[in-house]
Amino acid sequence: MIESVKLAGKYLDQPLLVSKFKQAVPKVFIGGAVAYDLNEVRKAPKDKKRETLINNTAILGATVASALAAPRIASKVVNKPYERFLSSDIIKKNTEIVDKFTSSNKVSEKVEGILEKAKTKVLNLKEINNVYKELSKNENGKKFFNTLIPEPENITSKDIINEIGRLSVLGFIPVAGGIAGGLAGEKITKGELSKEKTANRVKEGAYQYLANIFMCNVGAAAALGVLEKMDVKSKAARVAGMVTGIIATGIVGGSAIANYIGKKVINPIFDKDKKSNSERRPEVLDICLHSDDIATIAVMSGLKWIEPTLPILYGISGYRAGIGYRNKVKKVDAEIPEPNFSAEG
């Protein structure tokens, strides 16, 4: 079972496959945004279609553009090389690795054919398994296999701050982009900005960033730091520790901090009459958005294939900030009169 999971991880972490994921993300992201935009316009009342189109296009356009630019910007901010995963570079590297190994090591005809394919194409799971079974019999073969498809590396305490900084910047940019898009859309359609709507965008942005991104990253990093000091090497233990950290500081703490900032900092700036003082409560979609925390854990655990999806996951938070989402309040159709307990009648 463990071996099967490991080989599935090897399959997903093939540099050429990661490159394909990375190339596909912009197309999927943009296509999904356009489809969502058109659907929102379709659902809007006739007299609101133009306004909906402009607002949604501004928000989605700014969110998608900023999310796709975020990985490069985040790498520059923390002074870390941006991994481009160009297919041409990977093919060149794979060819050199395979030729060097096969020139000095004897392999079966079957595995030789698979390795020849590995130079320029993605291997399927069965081919990965065949190569592993034959080459894992000796140390030289194992070393080659892990060079061709690098093993996930546990991030060390030395790199935690840098990595958490990079991921936090990566999440902040789409949220800021979504807010900017929302402000632009409202300015175009209304001619002026509503203080209430602006406040809601900023508050939702703070909520999305703190509760769904930053504090979760901090929690995962803190747990990782503790486990590193305890010299825990087990990946399962590290993952469990990071999940615990995310629940404690993100899902619980992040929501409380975001609401506190909303009431004590953002409201006084935009709403001096204190008309809006409601707290943002976690909802089902907010819990679903914590799937990006699973991605964060995977990235911190050294898995390469998951990282290209982060712009999409963080982009959802950016969109919700752009529309200034707040909890929907259920409306009561009619007020129920209080019972009359007087002695009359």
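A residue counts as buried under 20% relative accessible area, as exposed over 50%, and as partly exposed in between. The structure discussed here is a predicted model. With these limits, Lys142 is partly exposed, because its relative accessibility is 35%, whereas Glu139, at 59%, is exposed. The side chains of Glu139 and Lys142 form a salt bridge, with an N to O distance of 3.7 Å. Both residues belong to helix H7 (residues 139-148), where they are three residues apart, about one turn of the helix. An α-helix has 3.6 residues a turn, so residues three or four places apart point the same way.

Lys43 and Glu40 meet in a salt bridge at 3.0 Å, N to O. These two are three residues apart in helix H2 (residues 15-43), and therefore about one helical turn separates them.

The whole structure contains 10 salt bridges. One of them joins the side chains of Lys190 and Glu51, at 3.4 Å from N to O. Because Lys190 lies in helix H8 and Glu51 in helix H3, this pair ties together parts that are 139 residues apart in sequence. Lys190 is partly exposed, with a relative accessible area of 43%, and Glu51 is partly exposed at 22%. Lys48 joins Glu51 and Lys190 in a network of salt bridges.

A search of the whole structure finds six aromatic pairs. In one of these, the ring centres of Phe172 and Tyr209 are 5.5 Å apart and the planes stand at 80°, so the pair is edge-to-face. Phe172 is in helix H8 (residues 157-190) and Tyr209 in helix H9 (residues 195-229), so the pair links distant parts of the chain, 37 residues apart. Tyr209 also pairs with Phe214: their ring centres are 5.7 Å apart and their planes are at 20°, so this pair is stacked. Phe172, Tyr209 and Phe214 form one aromatic cluster.

The next topic is the nonpolar interior. In soluble globular proteins, nonpolar side chains tend to be buried together. The largest nonpolar core here has 22 residues, and Leu170 and Leu310 have the most contacts inside it. At least two residues each come from helix H3 (49-77), H8, H9, helix H12 (291-300) and helix H13 (310-322). H9 gives the most, with six residues. Setting aside neighbours within four places in sequence, Leu170 is in contact with Ala70, Pro71, Ala74, Leu310 and Tyr314. Another core, of 18 residues, lies apart from this one and includes Ile97, Val107, Val111 and Phe144.

Helix H13 can be followed along its length. Its 13 residues should span 18 Å at 1.5 Å a residue, which agrees with the 18 Å between its end C-alpha atoms. H13 is mostly covered, with 11 of its 13 residues buried; among them are Leu310, Leu313, Tyr314, Tyr319 and Arg320. The charged end of Arg320 sits over the ring of Tyr325, 4.2 Å from the ring centre. Just after H13, Gly324 takes a positive phi of about 65°.

Conventions: Residues numbered from 1 in each chain as written. Predicted model: local features only at pLDDT ≥ 70, side-chain atom pairs only at ≥ 80, totals over all residues. Heavy atoms only, no water. Phe/Tyr/Trp six-rings, centres within 6.5 Å; stacked < 30°, edge-to-face > 60°. Helix = DSSP H or I, 4+ residues; strand = E, 2+ residues; numbered from the N terminus. Lys NZ or Arg CZ within 6 Å of the ring centre and 35° of its normal. Core = buried A, V, L, I, M, F, W, Y, C linked by side-chain atoms within 4.5 Å. Buried < 20%, exposed > 50% of the residue type's maximum accessible area, 1.4 Å probe, protein only. Contact = heavy atoms within 4.5 Å. Expected span 1.5 Å × (residues − 1). Salt bridge = Lys/Arg side-chain N within 4 Å of Asp/Glu carboxyl O.
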